[in-house]
Amino acid sequence: MERRRRQMNLRGHFTPGPEFGETLRAGARRAHETGEVDAASLEALRRSGLLGMMVHEDHGGWGYPPATANTVIEAVAADNPSIAIMLYLHCAVVVRIEQYGTEAQKKHWLPRVARGGELVASAWSEPGSTADKRSLSTTAQRDTAGGWEIKGGKTFSTSATVADFFIVLVQLPAGTETAHATGPTYGGSDQALFLVEAAAPGVQVPPGALDMAGMRGSGTGMVQFQDVTVAESNLLCSGSATTEAIQLPHRLGLTLGAVSVGLAQAAHETALGHARDRGLFGEPRFQRQLASTEIAVRSARAAVRDLTTGPADDRVLRAYCVKVFASETGETVCGTVRGLLGSAGYLQAHEINRISHDAEAVTHMGPPTHLCLDLIAGRWDPAPGPDR
């Protein structure tokens, strides 16, 4: 645990002492049992200042680059994956506000995050919508006062039950913007992103999180928008900027793969603890398997770190590759460790089963593995070149 904390390199803003990690680890166990956000873990996150780590210093944050943020998210995930997934998605919204927000929007929203410990959630997925977010029923229409009226509902929104505000992906009226692009893409240019207060009239979050198998402490739930009226100043971006904003974290190198690396590290350390407690380090088969999980974790970590280096022009493609590789690594390491644990690994209460469920959940998130594969393959030119 101490090794992971030293890796965080937090430049003096925040040093997560043993009590922070202990709070997160205990909270992860409680949340897995209850299926709700652990109050103590969430409070520790709000008080830590980490919600403001990617907010620019001009707005009261720490101004961390994506590489440092990935390292922080990995370390948090090793202790509490649900809190880490909330933190990652929160940071993904923060960088979008930094990039696409007006100066007035930045001054309004970002200090609340950096100094007030407020949490933002993405309200994107919908019942019946595809993973590429191109079939939305949630709409935004101009109202007579010059603002917007939002109607619709979202599901599988991480942090929904505890968020202070949302970034909402909506469909614009026909003819407002350009039509959907053809081929694999993520979102559409006939859509927009709005910032909406959780306490705004008409915003309804049903009590209780969805009863999921993994990431049970992430507060994932539903959000209803019943004739929610917002001002023009709540519009973050629209048109082609919407698809750009959706991809922004990938362009910057901020990746959900960091969560998977933390999960893989936690599974690997579970196996190490098992071997240490039972004197198995001298058993050749166990040693070889531990070596394989060590290699897997280090390789996934290297892939995440490499994402923020090198040329930026292909970073989105590399981000999809890293997300798939890291999430598959997390699942593979968990499966290997469960096998090493023998019968103990199949006890429902064993830690490896919670970690495994959390690792599997990442493959279905932002964007899910099957969509990543489509987006990767869709970038190839099917036309033969002159040398073929």
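This is a predicted model: local features need pLDDT of at least 70, side-chain atom pairs count only at pLDDT 80 or more; totals for chains, interfaces and linings use all residues.

Biologist: What are the helix and strand counts of the protein chain?

Modeller: There are 12 helices and eight strands in the protein chain. The chain has 388 residues, and buried residues make up 56% of them.

Biologist: What is the mean pLDDT of the protein chain?

Modeller: The mean is 89, with 88% of the residues at 70 or more. Over residues 1-13, though, pLDDT is below 50, and the model gives this stretch 35 contacts beyond near neighbours in sequence. Residues 178-184 also stay under 50, and there the model has 16 contacts beyond four places in sequence.

Biologist: On to helix packing. How are two packed helices described?

Modeller: By the angle between their axes and the distance between the axes. Here, take helix α5 (residues 81-100) and helix α6 (residues 103-114): they pack at about 155 degrees, with axes 10 Å apart. Angles over 145 degrees count as roughly antiparallel, so α5 is roughly antiparallel to α6. Their crossing is left-handed.

Biologist: Which residues of α5 and α6 meet?

Modeller: From α5 come His90, Val94, Ile97, Glu98 and Tyr100, and they meet Gln105, Lys106, Trp109, Leu110 and Val113 of α6. Sorted by class, this contact has six nonpolar, two polar and two charged residues.

Biologist: Now backbone angles. Which value of phi does Ser159 have?

Modeller: Ser159 has a positive phi of about 70 degrees, although it is not a glycine. You'll find Ser159 in the loop between β3 (148-157) and β4 (165-171). Met215 is another residue other than glycine with a positive phi, near 50 degrees. Its place is the loop between β6 (203-204) and β7 (221-230).

Biologist: Let me try a helix residue. Where is Thr369, and why does Thr369 count as buried?

Modeller: Thr369 is in helix α12 (residues 369-377). Thr369 counts as buried because its relative accessibility is 13%. Leaving aside neighbours within four places in sequence, Thr369 is in contact with Lys323, Val324, Ser327, Glu328 and Thr363.

How values were computed: Residues are numbered from 1 along each chain as its sequence is written. Side-chain values use heavy atoms; hydrogens and water are left out. Helices (H or I, at least four residues) and strands (E, at least two) are DSSP runs, numbered from the N terminus. Buried means under 20% relative accessible area, exposed over 50%, partly exposed in between (1.4 Å probe, protein chains only). Contact means heavy atoms within 4.5 Å. pLDDT is the predictor's confidence in each residue, from 0 to 100. Axes are lines fitted to C-alpha atoms, for helices over the stretch in contact, and angles run from 0 to 180 degrees between N-to-C directions. Angles under 35 degrees count as roughly parallel, over 145 as roughly antiparallel, 65 to 115 as roughly perpendicular and the rest as oblique. A crossing is left-handed if the near helix is turned anticlockwise from the far one by less than a right angle, and right-handed if clockwise. Ala, Val, Leu, Ile, Met, Phe, Trp, Tyr, Cys and Pro count as nonpolar, Asp, Glu, Lys and Arg as charged, and the others, Gly among them, as polar.
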